[in-house]
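I opened this model for a first look and kept short notes. The sequence and structure come first.

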Amino acid sequence: MKDLFEKIYKDKGPLGKWASQAEGYFVFPKLEGEISNRMKFQGKEVITWSINDYLGLANHPEVRKVDAEAGAAYGSAYPMGARMMSGHTSLHEQLQNELAAFVNKEAAYLLNFGYQGMVSTIDALVSKDDIIVYDVDAHACIIDGVRLHMGKRFTYKHNDVESLEKNLERATKMAEQTGGGILVISEGVFGMRGEQGRLKEIAALKKKFNFRLFVDDAHGFGTLGKTGAGAGEEQGVQDDIDVYFATFAKSMASTGAFIAADKEIIDYLKYNLRSQMFAKSLQMQLVVGALKRLDMLRTMPELKNNLWTIVNALQSGLTERGFDIGTTQSCVTPVYLKGSIPEAMALVRDLRENYGIFCSIVVYPVVPKGIILLRMIPTATHTLEDVEITLNAFSAIRERLENGTYKRLSAAVSAAMGE
């Protein structure tokens, strides 16, 4: 019999094998200073395009004031216990009611964390007789939730409605045999590509197929739609979303999440979500802070307007300079380049050390081999000067990538890793 840890000693995984070269710089980097458009990285100021603080609320003076006052009033422990036992308050209820109204649903329920909440919601919505049909590019939290499902599941090609329809036909035949139902899962905005899920086309398939639609709108909430209610509002199909999910970790610049749906569905979920039934309640400081943030989303449209001024300037500037930003339809701004992992490491080091630009680097296995994805998150705190500096830097690093500079600089790393 093998030692359980033998596989760990032999294979660190597709990302872990790079740890000695990457950790502390390319992965697990340490950004320091107040969350803003400019922060410190290894002692140097950098323009930061890696913080999901879309609306610039993380260090907004009104938010900081409310957070501090709530911390002083309640501490970081209150309320103690799970919601069902001793951790429920009127302010939790108030936040739920206001969130439901904001996204045009009958009811909402708070979740401690987005990832945990998504996994648990999927688990609660389906039984072994039900079938899940989900986008192949769904976020890891959706994939992990689907893994818990003891019944059948099918993936459809990314944002491919024809593929979805074929899989719904398969799912329908199977559901007729098992006596179960069908749950379709899409994202409102896909966080890597920036594309909106094709919610309008998916919702239209309800005329032909009997299914319920669950949407993860982590990146759409607060950034899309006339009022900021997300991708469903943007596409005019919010009413067709049966269960709506969003996190506080993006536009709200905080911790926590929520689900919203018809009251009867929420009543069922709050009694069957294991991750909430057996976990401590969301602390009061975060609840009070979320109420303030939500009020600002409702009453300060200039936050979203400022964000989109930066988004439009950055994305149009990249496109005009011939960069491939894919088919983003959101604030998420991907830049696709061609190169190896060692070349990507050399490129990003140059970008950070010599140009003062910090953005996330995404490589295989998250994206196909030979692709370097530089993922940027514009925020309302960025300036047009930040955009211009970044555009010039990107033009420079692209030239060095194409003329082989990064290949030469990364030759030793490539040889050591067998690339």
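**Ground rules.** I am reading a predicted model, in which local features need pLDDT of at least 70, side-chain atom pairs count only at pLDDT 80 or more, and totals for chains, interfaces and linings use all residues. Residues are numbered from 1 along each chain as its sequence is written, and side-chain values use heavy atoms, with hydrogens and water left out.

**Entry 1, the sheet.** I looked up the strand order. Four strands make an open sheet, β1-β2-β3-β12, with mixed pairing. Strands here are DSSP runs of E with at least two residues, and helices are runs of H or I with at least four, numbered from the N terminus. Two strands pair if DSSP finds at least two bridges between them. Which strands stand at the edges? They are β1 (31–32) and β12 (357–358); each has a single partner strand, so one side of each is left without a neighbour in the sheet.

**Entry 2, the pairings.** I went through the neighbours in turn.
- β1 and β2 are antiparallel, with two bridges; L31 has F41 in β2 as its bridge partner.
- β2 and β3 are antiparallel too, with four bridges; R38 is partnered by I47 in β3.
- β3 (residues 44–48) and β12 run parallel, joined by two bridges; T48 is partnered by F358 in β12.

The β2 and β3 hairpin has two, and Q42 takes a positive phi near 50°. I also checked the faces of β2 (residues 38–41): M39 and F41 are covered, while R38 and K40 are uncovered.

Buried means under 20% relative accessible area, exposed over 50%, partly exposed in between (1.4 Å probe, protein chains only). Just after α13, G322 has a positive phi of about 85°.

I8 lies in α1 (residues 6–10). I8 is partly exposed, at a relative accessible area of 40%.
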